[in-house]
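User: Could you walk me through this model, taking one question at a time?

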Amino acid sequence: MKAIVKFASAAALAAASIGSAQAGTYVFNFSGNDNSNTLGSLGNARTTTSTDNSVSVRATAWNTDFNTVLASYLGAYAAGYGAKDSIADQHFIDSFGATNFVVLQFSRSVVLNSATFNTFFIPGAGTPADSDATIAAGYAPNGSWTGNLFSSGASAGSVASNFYNTFGSYVSSNSGAPRAINAGGLNGNVWLIAAGGIDRNFDGFKLSQITATAVPEPATWALMILGFGAVGFAMRSRRATVSKVSYAI
């Protein structure tokens with residue numbers, strides 16, 4: 001009986017560990033009431049909390065000519081986050097002229113799963129526009145998510161050093177439905193989403209929503225391993241108890 005109780009307790013510990021290690025899906029909505037005809041402070045940041053209030057993300061907007069990175073204004077419009085570099089600039093994330101990108105810094109490591117891109121056509125671009133995007137995953141020191149990782153005027157190379165993997169999310173239509181953007185299941189606590197793809201079209205979009213899955217923290221993994229170890233110990237103890245048989249001679 002004691003062995004059964006020990007096994008049940010260990011199993012319960014392991015189950016609780018697994019449950020806490022399993023990642024939930026976090027949804028972040030970026031819509032707002034900004035006026036597209038105005039320009040706010042360059043280099044501003046916006047912080048959004050997931051719909052279940054458990055994970056936060058800090059977003060900033062930037063533009064680059066692939067040599068230097070400059071701060072943009074991050075607007076929260078009805079259709080989502082957009083980047084504006086000047087009064088005359090378009091109010092979405094685009095690859096016409098300087099390329100716009102958004103940096104997303106999370107309060108914990110996540111797997112970025114999907115995003116909703118609302119496509120905007122670029123007046124005067126001369127070619128069709130779509131919502132192809134370039135995405136990068138990276139890691140920043142713990143606790144640094146509330147401040148910028150780099151300053152306006154930084155070299156493109158120094159900015160790129162914050163990210164360990166870059167990949168594309170290319171589309172053949174301009175659907176505004178959520179689309180999967182991370183087939184490799186990469187994770188990180190800092191992400192970059194830039195306009196631009198491999199075709200000759202200019203890309204322009206507003207980012208209205210993202211979903212992410214949390215990555216278990218080291219302490220959670222340790223608890224899970226401890227739980228499995230307890231189950232194994234209980235099973236070995238039970239086998240040892242059962243094997244002890246006495247014979248009367």
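Predicted model: local features only at pLDDT ≥ 70, side-chain atom pairs only at ≥ 80, totals over all residues.

User: How many helices and strands does the chain have?
Analyst: Helices (H or I, at least four residues) and strands (E, at least two) are DSSP runs, numbered from the N terminus. On that count the chain has three helices and 15 strands.

User: What share of the residues counts as buried?
Analyst: Buried means under 20% relative accessible area, exposed over 50%, and partly exposed in between, with a 1.4 Å probe and protein chains only. The chain has 249 residues, and the buried share of them is 44%.

User: Among contacts between residues at least 6 apart in sequence, what percentage join residues at least 24 apart?
Analyst: Contact here means heavy atoms within 4.5 Å. Among the contacts you describe, the share joining residues at least 24 apart is 80%.

User: Which residue is joined to the side chain of Arg58 by a polar contact of 2.8 Å?
Analyst: Arg58 sits in strand β3. A polar contact is a pair of N or O atoms within 3.5 Å; within protein, one must be able to donate a hydrogen and the other to accept it, and residues adjacent in sequence count only if both atoms are side-chain atoms. A polar atom of the Arg58 side chain lies 3.3 Å from the backbone oxygen of Thr146. The side chain at 2.8 Å is that of Asn148.

User: How far is Arg58 from the nearest side chain of opposite charge?
Analyst: Lys and Arg count as positive and Asp and Glu as negative; His and the chain ends are not counted. A salt bridge is a side-chain nitrogen of Lys or Arg within 4 Å of a carboxyl oxygen of Asp or Glu. Arg58 is buried and has no salt bridge. The nearest side chain of opposite charge is Asp34, at 15 Å.

User: Which residue forms a salt bridge with Asp34?
Analyst: Side chains of opposite charge can pair when their charged atoms come close. The structure holds one salt bridge, and its closest N and O atoms are 2.9 Å apart. Asp34, in the loop between β1 and β2, is linked to a residue twelve places away in strand β2 (residues 45-49). That partner is Arg46.

User: Is Phe92 buried or exposed?
Analyst: Phe92 is placed in the loop between β6 and β7 (93-94). Leaving aside neighbours within four places in sequence, Phe92 is in contact with residues including Ala83, Phe120, Ile122 and Phe205. Its relative accessible area is 1%, so Phe92 is buried.

User: What is the phi of Asn53?
Analyst: Most residues other than glycine have a negative phi. Asn53 lies in the loop between β2 and β3 and is exposed, with a relative accessible area of 65%. Although Asn53 is not a glycine, its phi is positive, at about 65°.

User: And what is the phi of Phe66?
Analyst: Phe66 is found in the loop between β3 and β4 (68-71). At 61% relative accessibility, Phe66 counts as exposed. Phe66 is not a glycine, yet its phi is positive, at about 75°.

User: What distance separates the C-alpha atoms of Thr68 and Ser152?
Analyst: Thr68 lies in strand β4 and counts as partly exposed at 31% relative accessibility. Its contacts, leaving aside neighbours within four places in sequence, are Asn63, Gly153, Ala154 and Ala156. Thr68 and Ser152 are 84 residues apart along the chain, and their C-alpha atoms are separated by 8.5 Å.

Technical notes:
Residues numbered from 1 in each chain as written. Heavy atoms only, no water.
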